Amino acid sequence: MPPSPLRLIAGPEAAARIRAEGLHEEMFDIVAAASGGAKWLALTRLDQALFDHWFRNRTRPLHLVGSSIGTWRFACLAQTDPVAACKRFEQAYLDYAVEPPVTSAELTDHCREFLSVIFGQNGGTAMLDHPFMRASILAVRGRGVISPGSKLGLGLGMVAAGLANAVSRRSLGLFFERTVLHDRRTPPPFSLTVPFPTQAVALTADNLLPGLLASSAVPFVFDGVADLAGARPGLYLDGGIIDYHLDIDWQAPGLVLYPHFGARLVPGWFDKALRWRWPGATSLSRTLLICPSDDFIGRLPHGKIPDRGDFTRLPTAERQRYWRYVVAETDRLADAWLDMLAKGNAADLLEG
């Protein structure tokens, strides 16, 4: 039998509970979603399979914690019809064409258009008032020279932060303040003091769209958000700068469900080249990571899933063909997930 295209990697506490109880939706209190730009396309069909079957009749809160593109996935999943919203976003993203030269302001306008596709007429209200989903949108606020209107300050601050981060990840707090825009009905399910002092801001109709834009505002690619409603004055940027793949000490009693692009977890954006830096053990102990297998990824065109570099690496028509092929292939991930649930053999497939 060919190997499964889907991996299930469980921390010690998660593995013990799944082996004792079997895998079921009620054991999860948190769903996590990482930064990664176009890499989200590898997960769109899996998201649809997950949320079309699980969590439909839930009553207690389910925390959705993410940064950057992860928060856009949650904007889809927190709609009245999450599958339809995922399909709208997927189609708009696959059809997207942009030719250089293009400015950060123009790209930011394109982001607003994507979010309008996701939300439609009343999607923002649906997300804010969802009966059980509780969103936490991670962003960062610049400190010191990283301030609104200063590209030089942003450049200097990013260089200094990258150098300091190579010595200590905690040094990022000198340059950025972690900020979480969270559902007004419940606090976020992680510490607001350790390891980064965190500004907590209640999500409202006034800061939902700006917060989603801020969380995905890759410096110099998209425009940051100045003076986010309800938050301290400053320039708000991509949450992945600190929380790229969410190295977070979760505090909810249940497990963490983490659909992800691959097995490697990179704590912060500056850590991508630091192969020795991994999330702490406590952030992974109660986590079930589900991701494409190396074999699945290796058989895709170019031996990888889509990424933001494809916009400059490939002509538009070729990129669109490649992306559509990959998304169609990821139906196999969704099928593997549903087959596993039907057979009830998740415990046999766990890695950890």
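Biologist: Is Arg232 buried, partly exposed or exposed, and what is its relative accessible area?

Modeller: Start with the scale: buried means under 20% relative accessible area, exposed over 50%, partly exposed in between, with a 1.4 Å probe and protein chains only. Arg232 is partly exposed, at 42%. This is a predicted model: local features need pLDDT of at least 70, side-chain atom pairs count only at pLDDT 80 or more, and totals for chains, interfaces and linings use all residues. Residues are numbered from 1 along each chain as its sequence is written, and side-chain values use heavy atoms, with hydrogens and water left out.

Biologist: Which residue forms a salt bridge with Arg232?

Modeller: A salt bridge is a side-chain nitrogen of Lys or Arg within 4 Å of a carboxyl oxygen of Asp or Glu. Arg232 pairs with Glu177, and their closest N and O atoms are 2.4 Å apart. The two are 55 residues apart, with Glu177 in strand β5. Strands (E, at least two residues) and helices (H or I, at least four) are DSSP runs, numbered from the N terminus. Glu177 counts as buried, at 5%.

Biologist: How many salt bridges are there by this rule?

Modeller: The count is 24. One of them joins Arg45 to Glu90, at 2.7 Å between the closest N and O atoms. Arg45 lies in helix α2 and Glu90 in helix α4, so the pair ties together parts 45 residues apart in sequence. Glu90 is buried, at 7%.

Biologist: What else does Arg45 form a salt bridge with?

Modeller: Asp331, with the closest N and O atoms 3.0 Å apart. That pair links helix α13 to helix α2, across 286 residues. Asp331 is partly exposed, at 31%.
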